[in-house]
Amino acid sequence: MREFTPLQPGRASLYLCGATVQAPPHIGHIRSGVSFDILVRWLRASHYQVTYCRNVTDIDDKILAVAVAEETPWWAVAERNQRAFTRAYDALGCLPPDVEPRATGHVPEMIVLMQRLIDTGHAYPAEGDVYFDVRTFPEYGALSGQRLAHMKAAADTEDNAAKRDPRDFALWKGAKPGEPSWPTPWGPGRPGWHLECSAMSTKYLGPEFDIHGGGLDLIFPHHENEVAQSHAAGDGFARYWLHNGLVRIAGEKMSKSLGNSLLVDAMVTTVRPVELRYYLGQAHYRSEIDYAPAALAEAATAYRRIEGFVTRAAELVGADAVTPDSGSVPAAFAAAMDDDLGVPQALALVHETIREGNAALAVADAGGTAKRLTEARAMLAVLGLDPLGVPWAGGEAGGDLRPVVDALVSVALEQREAARARKDFAAADAIRDQLLAAGVVVEDTLRGPRWELRP
Ligand SMILES: [Zn+2]
């Protein structure tokens, strides 16, 4: 465990390897977005001025393969899937990054980096491709804990004959007929995946920056190669690495055939997005999630418990009086988050606070309720789960129709009150039963009747 010491006091820079946009995202992809969204929120709550850069890989073998199969231009495939990713990030309440650079918009920066590597003897052009010479970089393998002698050939080009060493990896791929290409001093071609991240992180965050993030499956070769390119060129590059665990189904890595039903677009039609966020965010970011519908249902129940308290407490004490302030998170919560983003411990504190809050609510203790509500909302805001915050406010079961349903239920409840006033209890009960049949649960409280949709 290392203390986080930023390059510049009070500032934190973060580069996250984002989407390769050959398909719309499933929950495995979006877990990474949620994990790093929590990190960004916590850094900001800890008063760092954060610069968050998350790239889009919009040119890649897989994108080209989809384009050929669909007989669609490659850029249309990339655009369509990038929109699906943006939709998914927004749906799950991930704050947008400060910059979201696309690989194809940064070819000049890649050419500059390749030139630096060629000039210093770390890279060489060969038959239209440009390769990194791994034997010139003794640190190669250090990030992923491998020795060069044990590594297999880099499987990034079809013909390894052009390489000086089979383990050398492609910085740039020479043009092939029918494929898009950009001109370079070494001939036309297209970016290799690894090069773009070194070029774009340097452009937006500088030659040395604080935190580099990505999925655990990116450590090798992708991040190892990023380190090699940037360090060999003389750049300090990332000071800290954070890798999120993967989402598996029944122990298997999510593949296209297994993962179709777990596309975010499909899932948010059956699960409330905030409950999906709770599910994906609750585990420690480094742990693996083995997807199970029962666990998702449990997460939804846990979130509703939180939401139930926050909603009722705000009704009692008023939501305006308790706008969450990151300064008001309990010290134990801050300590858990500071310890390598200990979200499971942090969430346990949230639930403890909710229990205490419910106890205060039960005896109509407005002071105690307000205190717990303030603490809970401050902690939930850090996790992106404040039911009264953006974007979830008004998003409880019933969604955008809530005000309409509220008005209709109010009409029915007035009729019920009128029936009670004239002691026609049969009519009053019939109204309540009809509402229940329609899925509206009415509860009489000290402050009059309140309703909610039956879960
Ligand atoms: Zn990357």
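## Buried cysteines, a hairpin and a mixed sheet

Cys 197 is buried, its relative accessible area being 0%, where buried means under 20% relative accessible area, exposed over 50% and partly exposed in between (1.4 Å probe, protein chains only). Cys 17 is likewise buried, with a relative accessible area of 8%. The count of disulfides comes to zero, a disulfide being taken as a pair of cysteine sulfur atoms within 2.5 Å.

The model is predicted, and local features need pLDDT of at least 70, side-chain atom pairs count only at pLDDT 80 or more, while totals for chains, interfaces and linings use all residues. Residues are numbered from 1 along each chain as its sequence is written, and side-chain values use heavy atoms, with hydrogens and water left out.

Of the 455 residues in the protein, 49% are buried. The protein has 15 helices and 13 strands, which are DSSP runs numbered from the N terminus (helices H or I, at least four residues; strands E, at least two). The C-alpha trace spans about 95 × 50 × 35 Å along its principal axes. Among contacts (heavy atoms within 4.5 Å) between residues at least 6 apart in sequence, 74% join residues at least 24 apart.

Strand 4 (residues 129–132) is covered on both faces, with Asp 129 and Tyr 131 buried on one side and Val 130 and Phe 132 buried on the other. Strand 3 and strand 4 form a hairpin with two residues between them, and Glu 127 in the turn has a positive phi of about 50 degrees. Strand 4 is also joined to strand 5, and the pairings below follow the rule that two strands pair if DSSP finds at least two bridges between them.

| Strands | Sense | Bridges |
|---|---|---|
| strand 3 (residues 123–126) and strand 4 | antiparallel | four |
| strand 4 and strand 5 (residues 169–174) | antiparallel | three |
| strand 9 (residues 247–249) and strand 10 | antiparallel | two |

Within these pairings, Ala 123 has Phe 132 of strand 4 as its bridge partner, whereas Val 130 stands opposite Trp 172 in strand 5.

Elsewhere, three strands form an open sheet of mixed pairing, in the order 10-9-11. Its edge strands are strand 10 (252–253) and strand 11 (289–291), each of which pairs on one side only. Arg 248 stands opposite Lys 253 in strand 10.
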